[in-house]
Amino acid sequence: MRRELLKQQAAIARVVERPESEADRTFDALGLIPELLSAINHAGYRNPTAIQQQAIPPALSGRDVLGCAQTGTGKTAAFTLPLLQHLDARAGNEPRLRALVLTPTRELAAQISASFSTYGADLDLWHTVVFGGVSDKPQIAEIRRGLDALVATPGRLLDLMGRGVVRLDDVEIFVVDEADRMLDMGFLPDVRRIARALPEKRQTMFFSATMPPEIRRLAEGLLDRPVSVAVAPISSTVEQVAQHVFFVDKAKKRGLLADLLRDPELKHTIVFSRTKHGANRIVRELGKAGIRAEAIHGNKSQGARTRALDAFRDGSLSVLVATDIAARGIDVEGVTHVINFDLPNVPETYVHRIGRTARAGASGVALSFCDREERSHLASIERLIGKRLIQSDGGRTPRTGAEA
Ligand code: AMP
C-alpha cells in the first residue's frame, strides 16, 4: 500500500469575505491547511502574490478559475496549493489519478513537478511528471506504482493514454497552464482531445498570459462559471533586472542619489519621481551637486521633452528624471539603471518602471529608495513580483548582474 494514512477530515476552505486589510494579505487568511502553510514558510514566502490572493480562496471552495497571469507572478503556487489541499482532503487508501496538470514544455512541467514536491512535502500524496523527448520507461514505471497527480505535456500524455498506461476517468481537478503557449506550439487540438477524456464533473483551472480569441473559446468550453482572476502582466524582462532596495530616510535620499550617480557604472539612468514637482527638485539638487540631469513630465513643453529624450537617446545626457505618466510609451534602448527615488503606491507601476531597463535581452539594475512611510508599498511590490528585493547599503553601487 502506497499510502499509510487515511485522511478522514476534509479541510474546510475559509473564504475571505471581509474587506481586505493588511492582515488579510497573508497566507493564513487564505484558508490553507497547516501542512501547506508550513511548506510555504519553509520556501521562505512571506505573503501571497496578487494572483495567489485572488485565486486560492475560490479554488479552495471548488470553483473553476480563469487566470490571466504569466510566469513570475506566482501562478504555479496559485493552482498547486488548492490542488494539493483538495487531494489531501479526499485521499483514500490507494492513490488514484485525481489531478492532471497540462503544460506546454518540459521545463515548465519539471518546474511544476518541483513545486508539487516543495508544497506537498508534508502531505502523503504521489505525483510524477511526463514529457516527450526522453525514454518513457521510467515514466511508465512511476505511473504504474500509483499516483494522485500527474504533470504532463500534451503529446506524451496522449501517447500514454493511447497505450492504456494512463486513464483519466478519476480526474477531479484539471489544470491548463500557459494556454497561449500551447496555442503557439500547435497543441490546442491535443488539449481538446485530452479534455474529452476527462469526467464532466471536475474542477478546472485555466491559466494564460494573454487571452486571444482561440484561447478564450477553449476556456469557455472547458470552464463552468469560472471566477476570473488577473494580475498585471509582468514584463518578462523583470527576471533579468537585478533589483535592490536602499532603506533610507526621506531627507537623505537626494544625497544618496548624487552619490550613486557619481559611479561611472550608471551610464544611462532613468530616475523616477512620483510628482512633477519632485522631478524638478531632483534635477535642481543634482545640478548643485554637479550632475547634469533633465526632467520630463507633463508641465514641460513638448519641445523640451523631445530635446531631453533625444539627448538621453544619443548619450549626451546620462540622467533622465521622469514621472510615470511622462515615461509611458518611451522606449529607450540601453538604459543601464532605473532608480526609484520614491516607491509607487501601485505595485504594477514599479514593474512598468523597472521594465525600462533590461530591454531586448540585456540585463539591468533597478535601485529603489524606501523610507519608513514607503515600507507598505515595498511589501505590495514584493508580493506582486513574488520575490524580495536585495537590500543594499549606501556605500556600494550594485553592478549589473554580478551581485544579484
Ligand atoms: P511562477 O510564476 O509560478 O513561475 O513563480 C515565480 C517564482 O516566484 C517562483 O520562483 C516561486 O518560487 C516564487 N514564488 C511563488 N509564490 C511566492 C510568494 N508568495 N512569495 C515569494 N515568492 C514566491
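Which residues lie nearest the centre of the largest pocket? They are Tyr45, Thr49, Gln52, Gly74 and Gly386, out of 27 residues that line the pocket. Before going further, note that this is a predicted model, in which local features need pLDDT of at least 70 and side-chain atom pairs count only at pLDDT 80 or more, while totals for chains, interfaces and linings use all residues. Residues are numbered from 1 along each chain as its sequence is written, and side-chain values use heavy atoms, with hydrogens and water left out.

A pocket here is an open set of points on a 1 Å grid over the protein atoms alone, where a 1.4 Å probe fits, with protein on both sides within 12 Å along at least five of seven lines; lining residues have an atom within 4 Å of a point. The largest one holds about 620 Å³ of space, the volume filled by probe spheres set on the points. Helix 3 (75-89), helix 4 (106-119) and helix 15 (375-385) each give two or more residues to its lining, and helix 4 supplies the largest share, 6 residues.

Now let's bring in the ligand, which takes up the space of this largest pocket (more than half of its atoms lie within 2 Å of the grid points). Around the ligand are 13 residues, with Tyr45, Gly72, Gly74, Thr76 and Gly386 coming nearest (near means a heavy atom within 4 Å). A polar side-chain atom of Thr76 lies 2.6 Å from a ligand oxygen atom, and a polar backbone atom of Asn47 is 2.8 Å from a ligand nitrogen atom.

Conventions: Polar contact = N/O pair within 3.5 Å; in protein donor to acceptor, adjacent residues only side chain to side chain. Helix = DSSP H or I, 4+ residues; strand = E, 2+ residues; numbered from the N terminus.
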